[in-house]
Amino acid sequence: MLRFEHIEFLWGLALIPVLIILFFRVSRWKKKARARLGDADVIKQIMPEVSFSKPWIKFAVFTMAYAMLVIGLANPQIGSKMEEVKRKGADLMILLDVSNSMLAQDLAPDRLENAKRAIAQLIDNLHDDRIGMIVFAGQAYVQLPITSDYSAARLFLNTINTGMVPTQGTAIGEAIAMGMRSFDFKDGMSKAMIVMTDGENHEDDAVAAAAASREKDVAIHVIGLGSAEGAPVPLYKNGKVAGFHTDSAGHTVVSKLNEDMCRQIAAAGGGAYVRATNGNSGLNIVMDEIGKMQRKEYGSKSFKDFEDRFQVFLTIAFFLILIEFFIYNRKNRRLSRLKLFEVKKP
């Protein structure tokens, strides 16, 4: 398995096309400047020692050296062997509300971003537990199947926004049912769900869905996002607030946390309910409850003993820079005197 220890350094390769364009433009400018001086054959006779091809060779060698240097700094690593590592953990499914009301700003910077930051912190603190994500509004979709790949979880988390579910609403019951279908109950691992929602515009029977999950020993914990006073739901245009959602009468819609519904779902699911604040997302309390769950050992394959390969690329870069240094723009007098293919006249 090949990986890069510092993959961010590979962005340096994006500079190569820029260097190529600049070099071509400079070469073209020089060629036009020489053309203004006179005939090309005459100029070559005036400057017999100047090589017009060596700058291209020097640039090609320099570009390759730069590419090798960037790759070396990124430190390619090769996994020498793959082992099955035994882990002991539980399955955790995050159910995140992405309805438009989650854009209300009674939590900073808004409810959805507040929840995403909390989930990011949760992922950073996970060790052997597996995690999955479901997003929902009027419908529910699996954003990330259950996995132990935390890097993938962070990647998928960053893509979540309110525009990814076209149907508005808050289908918590459907999301819970989808979470239950996403679990593999044959592995015998403990399982739990964390619902992060404002509970507004509730559409289906989420309490019944939570009760059904409890019958299969899946605890449903709920984190309420928002406030009792509520806040207007902003409308965005070109990334800026252009107004607020209004009802049919033209009044500004104020979105409020439906705390009663959130408590009912948590109670039916045998889990905890916590209301998030700007200072506390509530996930620490929920994770304390999840920490009491029984963990089961499971196996997952991973590469061990990654070996660094930066030395190879840095060595190649060094020799290419050395070669580039000794390539002169002038012709070599001794080589120019050699006329190996000259046809001698009889």
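**A strand covered on both sides**

Analyst: Start with strand β6 (residues 191–197). Buried means under 20% relative accessible area, exposed means over 50%, and partly exposed lies in between (1.4 Å probe, protein chains only). In a regular strand the side chains alternate between the two faces of the sheet. This is a predicted model: local features need pLDDT of at least 70, side-chain atom pairs count only at pLDDT 80 or more, and totals for chains, interfaces and linings use all residues. Residues are numbered from 1 along each chain as its sequence is written, and side-chain values use heavy atoms, with hydrogens and water left out.

User: How many residues of β6 are buried?

Analyst: Seven of the seven residues in β6 are buried.

User: Which strands pair with β6, and in which sense?

Analyst: Two strands pair if DSSP finds at least two bridges between them. β3 and β6 run parallel, joined by six bridges. One of the bridge pairs is Leu95 with Val195 in β6. β6 and β7 also run parallel, with seven bridges. There, Thr197 has Gly224 of β7 as its bridge partner.

User: What does an antiparallel pair look like here?

Analyst: Take β9 (residues 234–237) and β10 (residues 240–244), which pair in the antiparallel sense over four bridges. Pro234 is bridged to Phe244 in β10. The two strands form a hairpin with two residues between them. In the turn, Asn238 has a positive phi of about 55°.

User: How are helices and strands assigned, and how many are there?

Analyst: Helices (H or I, at least four residues) and strands (E, at least two) are DSSP runs, numbered from the N terminus. The protein chain has eleven helices and 13 strands.

User: Where do the buried residues of helix α9 lie?

Analyst: An α-helix has 3.6 residues a turn, so residues three or four places apart point the same way. In α9 (residues 283–291), the buried residues are Leu283, Val286 and Ile290. Seen down the axis, they fall within an arc of 65°, so they line one face of α9. The arc is that of the directions from the helix axis to the C-beta atoms. These residues pack against β3, α4, β6, β7 and β12.

User: What span should α3 have?

Analyst: The expected span of a helix is 1.5 Å times one less than its number of residues. For the 21 residues of α3 (residues 54–74) that gives 30 Å, and the end C-alpha atoms are 30 Å apart, which agrees. Asn75 follows α3 and has a positive phi, near 55°.

User: What does Ser213 touch?

Analyst: Contact means heavy atoms within 4.5 Å. Ser213 sits in helix α7 (residues 206–215). Ser213 counts as buried because its relative accessibility is 0%. Leaving aside neighbours within four places in sequence, Ser213 contacts Ile176, Met180, Val218 and Ile220.

User: Where is confidence lowest, and where is it highest?

Analyst: pLDDT is the predictor's confidence in each residue, from 0 to 100. Where pLDDT is low, the predicted coordinates should not be read in detail. Confidence is lowest in helix α11 (residues 333–337), at a mean of 49, and highest in strand β3 (residues 91–97), at 96. The protein chain averages 85, and 83% of the residues score at least 70.

User: What share of the protein chain is buried?

Analyst: Buried residues make up 40% of its 346 residues.
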